[in-house]
Amino acid sequence: MSIELVLIPVGIAVAQSVGSMIEKHKQGGNTYKIQTVMKRQHLLQKAIEQYGCNVHEINQQNYQTEIGDIKIYFQQNEHDIFEAVFDESVEQQDALEFLENLHSEYKYLIQQETYKKLIQQASQKGLELESEEVQQDRSILLTFNVNTIGR
């Protein structure tokens with residue numbers, strides 16, 4: 001008997017429309033924020049770095065990054081979800097495109113974490129990896145043999 005698992009780098013589904021994600025943030029009227037779906041601090045930091053940006057940790061819940069001369073702040077809200085704060089000079093479409101690319105990298109990192117945990121725990125649960133195939137969309141198809149353990 002075998003089991004097939006597909007690890008898809010979707011990770012988190014965004015159920016809100018783009019319009020409801022954008023909220024004007026009044027810090028002197030010069031910024032706006034966009035809620036992300038990212039919660040894990042270490043993965044956000046790594047995703048930003050893999051996107052090619054430097055990350056400056058302001059404190060445990062706040063980060064700053066720069067693309068050229070544009071500064072972007074990430075702050076955790078009361079639900080521990082990061083929000084990106086952009087200067088109003090940044091077009092919202094450009095901000096959304098940046099965040100979409102960052103989300104893709106973040107979800108890929110979640111997939112990699114899940115993959116590592118699954119591979120580590122599989123043998124303990126009586127599963128033997130039969131095959132592994134990376135798909136074009138970066139999803140991973142794993143096929144496990146279920147070992148029958150005598151009782």
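## Contacts, strands and salt bridges in a predicted model

In this protein, of the contacts that join residues at least 6 apart in sequence, 57% are between residues at least 24 apart. The model discussed here is a predicted one, and every value in this report was computed from it.

### Overall composition

The protein is built from three helices and nine strands, and, read from the N terminus, these elements follow one another in the order β-α-β-β-α-β-β-β-β-α-β-β. The chain has 151 residues, of which 36% are buried. The accessible surface of the protein amounts to about 9,600 Å², and 45% of that surface belongs to carbon and sulfur atoms.

### Helix H2 and its buried side

Helix H2 covers residues 41-50, and within it Gln41, Leu43, Leu44, Ala47 and Ile48 are buried. Because these residues cover an arc of only 165 degrees around the axis, they lie on the same side of H2. What do the buried residues of H2 pack against? They pack against strand S4 (55-59), against S5, S6 and S7, and also against helix H3 (92-122). Just after H2 comes Gly52, which takes a positive phi of about 100 degrees.

### Strand S7 and its partners

Five of the six residues of S7 are buried, so this strand is largely enclosed by the rest of the structure. S7 pairs with S3 through five bridges, the two strands running antiparallel, and in this pairing Ile34 stands opposite Ala84 in S7. S7 is also joined to S6, by four bridges and again in an antiparallel arrangement, and here Phe74 stands opposite Ala84 in S7.

S6 and S7 form a hairpin with five residues between the strands, and in that hairpin Asp80 has a positive phi near 65 degrees. The loop that holds Asp80 lies between strand S6 (70-76) and strand S7 (82-87). With a relative accessible area of 45%, Asp80 is partly exposed.

### Gln64 in strand S5

Gln64 is found in strand S5, which covers residues 62-67. Is Gln64 buried or exposed? Its relative accessible area is 12%, and since buried means under 20%, Gln64 counts as buried. The side chain of Gln64 makes a polar contact of 3.3 Å with the side chain of Glu66. When the neighbours within four places in sequence are left aside, the residues in contact with Gln64 are Asn54, Val55, His56, Ile58, Lys71, Ile72 and Tyr73.

### The hairpin of S8 and S9

Strand S8 (residues 127-134) and S9 run antiparallel and are joined by seven bridges, with Ser131 standing opposite Thr143 in S9. The two strands form a hairpin that has five residues between them, and Arg138 in the turn has a positive phi of about 70 degrees. Strand S9 covers residues 140-146, and because five of its seven residues are buried, S9 is largely enclosed by the rest of the structure.

### Two salt bridges

Side chains of opposite charge can pair when their charged atoms come close. The count of salt bridges in this model comes to two, and the table sets them side by side.

| Salt bridge | Closest N and O atoms |
|---|---|
| Glu83 and Lys33 | 3.2 Å |
| Arg40 and Glu113 | 2.8 Å |

In the salt bridge of Glu83 with Lys33, Glu83 lies in strand S7 and Lys33 in strand S3 (residues 31-35), so the pair ties together parts that are 50 residues apart in sequence. Glu83 counts as buried at 7% relative accessibility, and Lys33, with a relative accessible area of 12%, is buried as well.

The salt bridge of Arg40 with Glu113 links distant parts of the chain, since Arg40 is in the loop between S3 and H2 while Glu113 is in helix H3, 73 residues apart. Arg40 is partly exposed, having a relative accessible area of 36%, and Glu113 is likewise partly exposed, with a relative accessible area of 22%.

Notes:
Residues numbered from 1 in each chain as written. Predicted model: local features only at pLDDT ≥ 70, side-chain atom pairs only at ≥ 80, totals over all residues. Heavy atoms only, no water. Buried < 20%, exposed > 50% of the residue type's maximum accessible area, 1.4 Å probe, protein only. Contact = heavy atoms within 4.5 Å. Areas by Shrake-Rupley, 256 points an atom, 1.4 Å probe, with all protein chains shown as cover. Polar contact = N/O pair within 3.5 Å; in protein donor to acceptor, adjacent residues only side chain to side chain. Arc of directions from axis to C-beta. Pairing = 2+ DSSP bridges. Salt bridge = Lys/Arg side-chain N within 4 Å of Asp/Glu carboxyl O.
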